Amino acid sequence: MERDDLIVNDSYSVNAKHDEAHGKEMRKNILKVTIILSVITAVEVFIGATIPRESGSFHWNIVKYCFIILTLVKAAYIVLQFMHLGEERKNLKYVVLAPYGAFILYLIFIAITESNYVLDMFQNY
Amino acid sequence: MAGHSGEALSKEQIWGGGRSPFGVSYGKLMMWLFLVSDALTFSGLLIGYGFIRHTYEAWPVGEKVFQTLPFLGDGFPLIYVALMTFILIVSSVTMVLAVEAGHRMDKKGIIKWLALTVIGGLFFLLSQVWEWGHFIHGGGGYITTTTGQTYHLGHLEEDLHMSENGTYVMPEHLILIQNKYGEGESTQIEGAEAEKIWGTVTDYYHGANMLRNEYAPEAPQYANFFFFITGFHGFHVFSGVIINLLILLQVMKGAYDKRGHYEMVEKTGLYWHFVDLVWVFVFTFYYLV
């Protein structure tokens, strides 16, 4: 394959340029994302420091899922805004994100299920 | 940005050869694929951690283990990690600003923001070094008695001494703590009762290594996963700082003026954001949950 980062072809990201006016808009957006990420982190730390862990209890389960959702929101902002995946072609998005839907969700499910089973074995047999 | 001008093309034109069907350059596509595989590695580490953690009934609570600040001492749950997270987020922001400057061919802007990114990365690394040092040294340690029970010690001014007959010398203000790092309330034992327990000491240990750690006496994996996950991430930060520094030098030398674009800054930017992304997950699953 030719070194396409050297050849001129308007459909490639290397030629994505913008002017000062557009840049101003982008910097505004970057500031917005920065504030969102910082606030989410602060909220997470506040919850983590004030609510003590009680594994298995109902309210701790809610806190736990809150943490996971907030983390996924943060991750989405980083990947879609900072890494500009949101602006890439659809096929590149799928190439990057599909492996997690296909493998990682299943791996999480099976690892948690199996480990609870192992714990049960340790405790009862 | 990327892909906008390619959208009008038909499928045959896109996949017919002679152009990147993904609308990004070869280098950028390969960076994405590398990041996909690297993220799978980190997923494996974190899921392995989750597996081991769920095979134990009890696991140390993050805000009890990580509650110390440099120079200020104990009593600041998670503040130091939050600070580290914030440093990494800010350095990610300066990186995205460098990329933005690159799209305007603003060389001065790139140099400024990239240099700040490198400094942010170095700050994070130094914080990580302090965190490791503190984790390895521990906070007081724990004793095991003849009955097999473990008690943690309150903060000690200096490490315990062995007397000549091979027993540990009792510290002056003996405070024993039950359930120091676990869930729920911890209880303190002082005075005569504590001294009675001290009479049955068989073993003392403080700090953490790959075989034992004071935070979870029954679960050496607690420290192992701390070392492996934050260590592997820290090594990524380290390489990220080096790569950013090299790109910064290239930009200053004017190596990309000839090419007419600053895509190399974008590619290293992708890697740097990825490092931030991983930390977001490590922070949640190791420190918070």
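This is a predicted model: local features need pLDDT of at least 70, side-chain atom pairs count only at pLDDT 80 or more; totals for chains, interfaces and linings use all residues.
Local features were taken only at pLDDT of at least 70 and side-chain atom pairs only at pLDDT 80 or more, while totals for chains, interfaces and linings use all residues. Residues are numbered from 1 along each chain as its sequence is written, and chains are lettered from A and ligands numbered from 1 in the order in which they are written.

Chain B contains eight helices and five strands. Both are DSSP runs numbered from the N terminus: helices are H or I with at least four residues, strands are E with at least two. Along the sequence the elements follow the pattern α-α-α-α-α-β-β-β-β-α-β-α-α. The C-alpha atoms of chain B fill a box of roughly 85 × 40 × 30 Å along the principal axes. Buried residues account for 38% of the 289 residues in chain B. A residue is buried if 20 or more other C-beta atoms lie within 10 Å of its own, exposed if 12 or fewer, and partly exposed in between, with C-beta atoms placed from the backbone. Of the contacts in chain B between residues at least 6 apart in sequence, 62% join residues at least 24 apart. Two residues are in contact if their C-beta atoms, placed from the backbone, lie within 7 Å.

The five strands of chain B form an open sheet in the order 4-3-2-1-5, with antiparallel pairing. Two strands pair if DSSP finds at least two bridges between them. Strand 4 (187–190) and strand 5 (201–205) of chain B are the edge strands, each pairing on one side only. The twist averages 35° from one strand to the next. Strand 1 (residues 142–145) and strand 2 (residues 150–153) of chain B pair in the antiparallel sense over three bridges. Within this pair, Tyr151(B) of strand 2 is the bridge partner of Ile143(B). Four residues lie between the strands of this hairpin, where Gly148(B) takes a positive phi near 90°. Strand 2 also pairs with strand 3 (residues 175–178) of chain B, in the antiparallel sense and over two bridges. Here His152(B) is bridged to Ile177(B) of strand 3, and Leu153(B) to Leu176(B) of strand 3. In a regular strand the side chains alternate between the two faces of the sheet. Helix 6 (residues 191–198) of chain B lies across strands 1, 2, 3, 4 and 5 of chain B and runs at about 85° to strand 4.

Elsewhere in chain B, Lys107(B) belongs to helix 5 (residues 107–137). Lys107(B) is partly exposed, with 16 other C-beta atoms within 10 Å. The C-alpha atoms of Lys107(B) and Asp257(B) are separated by 9.0 Å, although the two residues are 150 apart along the chain.

At the interface, 61 residues of chain A are in contact with 54 residues of chain B. Helix 1 (20–50), helix 2 (58–82) and helix 3 (90–124) of chain A each supply at least two residues of the chain A side. Helix 3 of chain A gives the largest share, 15 residues. The chain A side has 29 nonpolar, 16 polar and 16 charged residues. Ala, Val, Leu, Ile, Met, Phe, Trp, Tyr, Cys and Pro count as nonpolar, Asp, Glu, Lys and Arg as charged, and the others, Gly among them, as polar.

Two packed helices are described by the angle between their axes and the distance between the axes. Axes are lines fitted to C-alpha atoms, for helices over the stretch in contact, and angles run from 0 to 180 degrees between N-to-C directions. The axes of helix 1 of chain A and helix 4 (residues 79–103) of chain B come within 11 Å and cross at roughly 170°. The two helices are therefore roughly antiparallel. Angles over 145 degrees count as such, those under 35 as roughly parallel, 65 to 115 as roughly perpendicular and the rest as oblique. Residues of helix 1 of chain A in this contact include Met26(A), Ile30(A) and Leu37(A), and those of helix 4 of chain B include Phe86(B), Ile89(B) and Val93(B). By class, the contact has ten nonpolar, five polar and two charged residues.

The axes of helix 2 of chain A and helix 8 (residues 263–288) of chain B come within 10 Å and cross at roughly 175°. This pair is therefore also roughly antiparallel. Among the contact residues are Phe67(A), Ile78(A) and Phe82(A) of helix 2 of chain A, and Leu277(B), Val280(B) and Phe281(B) of helix 8 of chain B. The contact divides into ten nonpolar, three polar and two charged residues.
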